[in-house]
Each structure stands twice: as C-alpha cells, then as structure tokens.
Amino acid sequence: MWLLAEHQVLTTGQIASLEFSSRRRAQDRLARLRSLGVLFAFRDSYMFGGTSESRYTLGYSGARLIAAARAVTPPTAKAHMQRLERLAFLPTLTHQLGVNGFFCGLAAHSNPARTDDDGAAGRLTQWWSERRSAEFFWTNHGTDGGEARVRPDGYGCWESGGRAVRFFLEYDTGTESLRVLARKIAAYSAFYTDRFGVLLFSLHSARREQAFRAGLVKFLGGHDPGVVIATTARDLPGTDDPSGQVWGLWSGRDHGPVTRLTLANLPERGPRVRHQAPELPYGEAAFAPTDPAMVSLLSAAASAPPPREPVWWDSPSGLTPRRSA
C-alpha cells in the first residue's frame, strides 16, 4: 500500500516483481485486496481489441488506512472517486508506468522470492517519485543565483559492491522532440546536479538514443555541461534490468561505438548517507529534505564538492580518462 501511496499506480507485473514469487500468486493476493476495497484496478482498452494488463492504485479503504497511518484527514468517497477517474485518463499515465517500471526493475533485486544472491548483485536503496524529487530539487538556489527548475522523473540510489550511485532519471517515451530533451540538460547544468547524482536518460529506442547523443554534441557546442550523463535504449538486449551493462557515458567528443557499463560502474556522485529504517519502501539511503547537510548542498555558499573520480570518454581505442572538472 505504501508504494502505491507514493507512486500512484503499478501494474500486476510490477507488483509481482517486487513482492511475490510468481505472477499467479500476485494476482490471487491483488484480487483479494481489491474485493476488500483496499485496491482499485482498471485497464486500458485498445482500439483494435484487447486490453492492457491491470493497473492498480489505492482503493477507498486503502486510502483511509494510509490517512490513518499518517494521522491526516482521509479523503471523502467522492473526492477519492474523482482522483481515480483522473488517474485512469491521465495523459501521462504511460509515462508514469514506464518510470515506475524502471525502478521496479531495480527494486526486484531485493525480492527474496525472486533472487538467491542476498542482494550481492546490488539493490535499490532510494526511490523518490517525481513529486517528492521536485519538492526537494526545484529550488531558488541555482548556480547563477537564480531559480533551478529541475524536475526529474525520479531520483534513486543503487548500491553494489561498496559503491553507491545516486541518479536523476529522465524517462523518454518518444513523444517529445530531441531538442526538448536536450534542453533539460540546461536546467541540470544550472543546478548542483553533480553534488547529488549522475543524470540518466532512458531512451525509447536505440535509434533515438543514437540521434540524441549526436544531437547533444551540437546542442552543447562542445561545452562541458558539468553533469555526468549516461544513456540507454529500452530496445537493447537486457534493458529489462536497468542495473545491467546497458549504460553508455556521454562526452562532448562522443563518437564511435558506445561502451556499455553497469549502473554500479557509473561514476559515484552525491552524498553518502548512513542507512536508516525507512519511512517509505526503498528509503534506506534517503536523506531528510530538512537535513542541514543536505540543504547546504543546495546553497551557493556551500563548500566545494569533493574531487571527482575520473569520468571515462568513449573512444575508438577504448576508454580513456578525461581531466576532472
């Protein structure tokens, strides 16, 4: 329930990957919760027949339970029904499900019923929604003293082998122009992005990823954006697991074949936070937005960030280090 309260909507497959040993077990449990009013399910009908898999969100009983746990006034039945109607017809629902699917692909590594490595391959220790990310990162403390309008689709932390890679996610569904996507980098450049994580672009297709990477060279005009950028395409083999060897670092001298790295092998950025009992699922490495140490990282008066580890360029001869910025 807490995941749905935070991330609004998940599909049957996404929930099964997080909590159950099989899709069938997930369907049985979800059907029971739906009959109790804890969950609400809906599907999308296709023009030429058939429907999507079920999408789940909180039912009215579930919303009341969450409100009670948070000690807040629960919604009225009418208000909750209006919310369900808006969600079912949300123009960005496909995008929302895609973002949640990305994080579910990482979080599935923590499902003991699906894995037998006790998290040795890595685990997701922070998963913030777009809303929660915007509440913290959309600030009036840009590097030039102005407003930094950073609104990632999600923010997370992936930990593996003693490394902690924090990242901002931009999830592309292919509906925006590549120029619009590229312009988002300007906002991240005006923000203290490097103090909080690397910037990931999950692109709709390999062809679109190739065009995007080439377009960035022209868009940035050879300037270093001051942000570590990595891209992937969701039609590449193995991209159903975003932690795999599917990420290509981008550089201003981007050319030739892309060398793919695992998520854990991307450059580490962002604060190291002592793990704590999470208030929300996948929040062990989350920091409190009111933490003075975190707030100071948003301030122009904050001390300089620690020295960077080398960032690697793609080159025909292999990986070569660049000078740290």
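**Exercise 1. Locate Ala71 and classify it as buried or exposed.**

Solution. Ala71 sits in the loop that joins helix H4 (60–70) to helix H5 (77–88). Here helices (H or I, at least four residues) and strands (E, at least two) are DSSP runs, numbered from the N terminus. The model is predicted, so local features need pLDDT of at least 70 and side-chain atom pairs count only at pLDDT 80 or more, while totals for chains, interfaces and linings use all residues. Residues are numbered from 1 along each chain as its sequence is written, and side-chain values use heavy atoms, with hydrogens and water left out.

Next, take the accessibility. Buried means under 20% relative accessible area, exposed over 50%, and partly exposed in between (1.4 Å probe, protein chains only). Ala71 has 70% relative accessibility and therefore counts as exposed. Ala71 is not a glycine, yet its phi is positive, at about 55°.

**Exercise 2. Describe the chain as a whole: how many helices and strands does it have?**

Solution. The protein chain has 10 helices and 12 strands. Of its 325 residues, 45% are buried. For contacts (heavy atoms within 4.5 Å), take those with a separation of 6 or more: residues 24 or more positions apart account for 65% of them.

**Exercise 3. Which residues touch the most other members of the largest nonpolar core?**

Solution. First the term: a nonpolar core is a set of buried Ala, Val, Leu, Ile, Met, Phe, Trp, Tyr and Cys residues joined through side-chain atoms within 4.5 Å. The largest one has 40 residues, and Phe167, Leu200 and Leu266 touch the most other members. Helix H6 (residues 93–107) supplies the largest share of this core, 6 residues. Another core, of 27 residues, lies apart from it, and includes Trp128, Phe136, Leu216 and Leu220.

Then look at one member. Not counting residues up to four places away in sequence, Leu200 touches Phe102, Phe167, Phe168, Leu169, Glu170, Ala230, Trp247, Leu263 and Leu266.

**Exercise 4. Describe how helices H2 and H6 cross.**

Solution. Axes are lines fitted to C-alpha atoms, for helices over the stretch in contact, and angles run from 0 to 180 degrees between N-to-C directions. The axes of H2 (residues 12–19) and H6 come within 9 Å and cross at roughly 20°. Angles under 35 degrees count as roughly parallel, over 145 as roughly antiparallel, 65 to 115 as roughly perpendicular and the rest as oblique. H2 and H6 are therefore roughly parallel to each other.

Now list the contact. H2 contributes Gln14, Ser17 and Leu18, and H6 contributes Leu97, Asn100, Gly101, Cys104 and Ala107. For the classes, Ala, Val, Leu, Ile, Met, Phe, Trp, Tyr, Cys and Pro count as nonpolar, Asp, Glu, Lys and Arg as charged, and the others, Gly among them, as polar. The contact of H2 with H6 has 4 nonpolar, 4 polar and no charged residues.

**Exercise 5. Find the angle between H2 and helix H3 (residues 23–35), and sort the contact residues by class.**

Solution. The axes of H2 and H3 come within 9 Å, with a crossing of roughly 105°. H2 and H3 are therefore roughly perpendicular to each other. On the H2 side the contact is made by Thr12, Gly13, Ile15 and Ala16, and on the H3 side by Arg23, Ala26, Gln27 and Leu30. By class, this contact of H2 with H3 has 4 nonpolar, 3 polar and 1 charged.

**Exercise 6. Which residues does Gln96 contact, leaving aside its neighbours within four places in sequence?**

Solution. Gln96 is part of helix H6. With 15% relative accessibility, Gln96 counts as buried. Its contacts, with those neighbours left aside, are His7, Gln8 and Val9. Gln96 and His7 are 89 residues apart along the chain, and their C-alpha atoms are separated by 8.5 Å.
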